[in-house]
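Learning to read a protein model goes well with a friend to ask. Let us take it one feature at a time.

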Amino acid sequence: MYCTNCGTEMAADARFCTGCGAKANAFAAPRAKTSLEELREESVAVPVQLRVGMLKTQTAVLLFGRSYSALIRLEKKQYENIVAAGNKGGNYFQKVAGMMAAFGEYAKKMEAQPVGQVVKAHPGSVLFEDVQIRRLRIWNGWDPSREQYDDFYSFELLAAGEKYKGTLERNVNAQAVNARLRGMLGGRFG
């Protein structure tokens with residue numbers, strides 16, 4: 001059985017979770033395995049810039065479902081094709097807004113597809129079962145040089161023994177995403 005609060009695997013006769021201390025009634029039996037090629041469930045897609053080095057980022061999408069999560073990595077050419085479709089001309093700000101909207105729409109389409117197909121279409125992507133997600137944090141930080149909060153949100157994902165960090169794309173409605181993720185991940189989100 002698994003704790004639905006933190007995902008820790010527990011003995012069937014356990015009264016409390018050793019990971020977070022939740023009562024035994026918060027435990028759930030393991031889910032029946034479904035082919036990832038067929039798995040369709042409510043999910044949330046969050047377009048991000050994944051930090052892959054000190055000064056290097058990679059375009060990616062965090063895809064969260066109730067029984068799985070995935071880090072979908074986009075190759076440079078894939079991202080260029082997506083944003084080129086959104087580049088409708090105009091001034092610089094109109095171009096950037098169109099490109100960001102196109103990337104957001106691409107990510108949104110992932111929510112409706114079986115996760116196995118999405119992962120297959122994006123080499124280098126990582127798939128996590130729900131119990132492998134330990135914690136997800138999304139926040140915006142204080143910028144002392146401007147004496148105001150940053151206008152972008154950072155994220156940190158702890159999953160399957162790895163730590164992933166980066167920033168959300170600027171057009172992401174962080175408050176709406178936070179509310180949906182809190183419902184799916186429970187105590188592991190915050």
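Predicted model: local features only at pLDDT ≥ 70, side-chain atom pairs only at ≥ 80, totals over all residues.

Q: How much of the protein is buried?
A: A residue counts as buried when its relative accessible area is under 20%. Here, 43% of the 190 residues are buried.

Q: What share of the contacts joins residues at least 24 apart in sequence?
A: Take the contacts between residues at least 6 apart in sequence: 55% of them join residues at least 24 apart.

Q: At what angle do helix α1 and helix α2 pack?
A: Helix α1 covers residues 76-86 and helix α2 covers residues 92-110; their axes are 7 Å apart, at an angle of about 120°. That angle is why α1 is called oblique to α2. The crossing of α1 past α2 is right-handed.

Q: Which residues make the contact?
A: From α1 come Tyr79, Ile82, Val83 and Gly86, and from α2 come Gly98, Met99, Ala102, Phe103 and Tyr106. Seven residues of this contact are nonpolar, two are polar and none is charged.

Q: What span does α2 reach, and what is expected at 1.5 Å a residue?
A: With 19 residues, α2 reaches 28 Å from its first C-alpha to its last, which is close to the expected 27 Å.

Q: Which residues are buried in α2, and what covers them?
A: The buried residues of α2 are Gly98, Met100, Ala102, Phe103, Gly104, Ala107 and Met110. Their cover includes the strands β3 (43-51), β4 (57-65) and β5 (68-73), along with the helices α1 and α3 (115-120).

Q: Now to the loops. Is glutamate 169 buried or exposed?
A: Glutamate 169 has a relative accessible area of 10%, so this residue counts as buried. You will find glutamate 169 in the loop between β11 (162-168) and α4 (174-185). Beyond its neighbours within four places in sequence, glutamate 169 is in contact with Pro47, Val48, Gln49, Met100 and Phe103.

Q: Where does glutamate 111 lie, and which residues does it touch?
A: Look in the loop between α2 and α3 for glutamate 111. Its relative accessibility is 16%, so glutamate 111 is buried. Not counting residues up to four places away in sequence, glutamate 111 touches Glu41, Ser43, Val44, Ala45, Leu63 and Arg180.

Q: What is the phi of alanine 160?
A: The general idea comes first: most residues other than glycine have a negative phi. Alanine 160 is not a glycine, yet its phi is positive, at about 50°. This alanine 160 sits in the loop between β10 (154-159) and β11. Its relative accessibility is 43%, so alanine 160 counts as partly exposed.

Q: How far apart are phenylalanine 152 and threonine 167, in sequence and in space?
A: They are 15 residues apart in sequence, and their C-alpha atoms are 7.0 Å apart in space. Phenylalanine 152 is in the loop between β9 (148-149) and β10. With a relative accessible area of 25%, phenylalanine 152 is partly exposed. Setting aside neighbours within four places in sequence, phenylalanine 152 is in contact with Trp139, Asn140, Thr167 and Arg170.

Key
Residues numbered from 1 in each chain as written. Heavy atoms only, no water. Axes fitted to C-alpha atoms, helices over the stretch in contact; angles between N-to-C directions. Helix = DSSP H or I, 4+ residues; strand = E, 2+ residues; numbered from the N terminus. Parallel < 35°, antiparallel > 145°, perpendicular 65-115°, else oblique. Left-handed = near helix turned anticlockwise from the far one by under 90°. Contact = heavy atoms within 4.5 Å. Nonpolar A, V, L, I, M, F, W, Y, C, P; charged D, E, K, R; others polar. Expected span 1.5 Å × (residues − 1). Buried < 20%, exposed > 50% of the residue type's maximum accessible area, 1.4 Å probe, protein only.
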